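Hello,

Here is the structure I promised to pass on. Please open it alongside this note and take your time looking around.

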Amino acid sequence: MATSSAALEDGVFKGRIIEGVADVTPTVINAMARAPNARLREVAEAFVRHMHAFAREVNLSEAEYDIGVDFLNRIGQATNDHHNEGILFADAIGFSTLVCLMNNGNQGATETAAALLGPFWRMNSPRTDNSGSIVRSPTPGPELFVSCAIKDAKGAPIAGVEVDVWQSSPVGLYENQDDTQADMNLRGKFVTDADGRFGFRSVKPAGYPVPTDGPVGDMLRAQKRHPYRPAHIHFLGFKPGYKTLITQVFVDDDEYLESDVVFGVTRHLVGDYRRHDNGAPPAAGVVAPWYTLDYTFVMEAGEAKLPVPPIK
Ligand SMILES: [Fe+2]
């Protein structure tokens with residue numbers, strides 16, 4: 001009587017009137033069970049089961065439900081071409097790191113060079129010669145000379161990897177957050193040479209607070225959490241035949257290594273940013289102290305696929 005004609009059309013889906021709280025979850029799962037895509041069925045069903053179980057576990061009130069929906073809406077409203085609050089939220093609850101570690105290092109079985117993408121990667125970083133500088137407008141701070149190798153799982157160098165590099169300035173701002181920096185400052189694209197190496201000249205990055213003027217900031221304040229990330233440089237390595245390597249290398253003397261607001265630090269990703277107070281400078285005009293970083297990445301065999309850029 002009360003069923004819609006759509007519910008009867010193919011004879012598979014039988015809707016029903018909800019008789020009580022126990023009916024809701026199975027009825028919703030039943031309603032979604034006709035999705036032809038098996039993976040969609042699996043993911044959507046588990047999502048609904050866990051969301052409903054979550055509401056039951058905490059005995060969610062209507063006022064709390066309203067806060068949750070408002071929070072979700074505000075994540076969308078805070079997101080634009082220059083800022084991605086959705087990724088920031090996933091990062092700040094450890095979801096990005098969880099998914100990253102589950103999907104890399106032989107599906108989480110072994111150590112991995114991968115880390116979360118974060119919200120600041122941009123497409124089309126300027127192609128820069130090996131050993132060239134990514135400082136594109138005056139950026140005061142200690143100079144940094146980075147030298148990296150990329151190897152495969154057997155230790156053989158991988159030539160021809162396109163590597164995007166991006167980092168914050170010594171005051172902790174990415175160029176897209178800071179009008180005083182040139183477009184694409186502290187960003188660059190390199191290609192590994194025949195020995196699988198690339199390098200560049202930059203300035204030592206600083207740690208920074210994630211943006212706290214949106215709903216994620218409200219969450220951090222309510223949880224008495226600081227908003228800081230330890231200083232790091234981001235790397236994205238791309239070559240057909242290899243799983244795209246998305247990672248960060250952290251500055252080893254940073255006070256927030258053990259309390260990264262987005263849980264991105266693994267032991268493997270703490271770099272040896274070595275301070276030099278004397279000796280021959282690596283280039284003319286370099287004033288002590290300067291820093292060097294040598295780091296070797298391992299790329300796993302797999303599919304080369306670029307992520308969706310979080311910002312434009
Ligand atoms: Fe970052």
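Below is what turned up, beginning with the metal site and moving on to the pockets.

A quick word on the ground rules: this is a predicted model, so local features need pLDDT of at least 70 and side-chain atom pairs count only at pLDDT 80 or more, while totals for chains, interfaces and linings use all residues. Residues are numbered from 1 along each chain as its sequence is written, and side-chain values use heavy atoms, with hydrogens and water left out.

**The iron site**

The iron ion has four protein donors, Tyr174 (OH), Tyr208 (OH), His232 (NE2) and His234 (NE2), at 1.9 to 2.1 Å. Donors here are N, O and S atoms within 2.8 Å of the metal (3.2 Å for Na, K and Ca); water is not among the atoms, so sites may look incomplete. The angles among the four donor atoms run from 91 to 160°, and the site is irregular.

Along the sequence, the donor residues follow the spacing Y-x33-Y-x23-H-x1-H. Tyr208 in strand S5 (residues 208-209) and His234 in strand S7 (residues 232-238) are 26 residues apart, so this pair links distant parts of the chain. Helices (H or I, at least four residues) and strands (E, at least two) are DSSP runs, numbered from the N terminus. Tyr208 is buried, with a relative accessible area of 2%, and His234 is buried at 1%; buried means under 20% (1.4 Å probe, protein chains only).

**The largest pocket**

A pocket is an open set of points on a 1 Å grid over the protein atoms alone where a 1.4 Å probe fits, with protein on both sides within 12 Å along at least five of seven lines; lining residues have an atom within 4 Å of a point. The largest pocket holds about 1,200 Å³ of space. Its lining has 26 residues, and Met51, Phe54, Gly68, Leu72 and Phe89 lie nearest the centre. Helix H3 (38-58), helix H4 (62-77) and helix H8 (215-222) each give two or more residues to that lining, and H4 gives the most, 10 residues.

**The second largest pocket**

This one has a volume of about 620 Å³. Among its 21 lining residues, Val99, Leu117, Lys243, Ile246 and Pro307 are the closest to the centre.

Enjoy exploring!

Key
Four donors count as tetrahedral if all angles lie between 85 and 135 degrees; four count as square planar and six as octahedral if opposite donors are over 155 degrees apart and all others between 65 and 115; anything else is irregular. Buried means under 20% relative accessible area, exposed over 50%, partly exposed in between (1.4 Å probe, protein chains only). Grid points are joined across faces, edges and corners, and a volume is the space filled by probe spheres set on the points.
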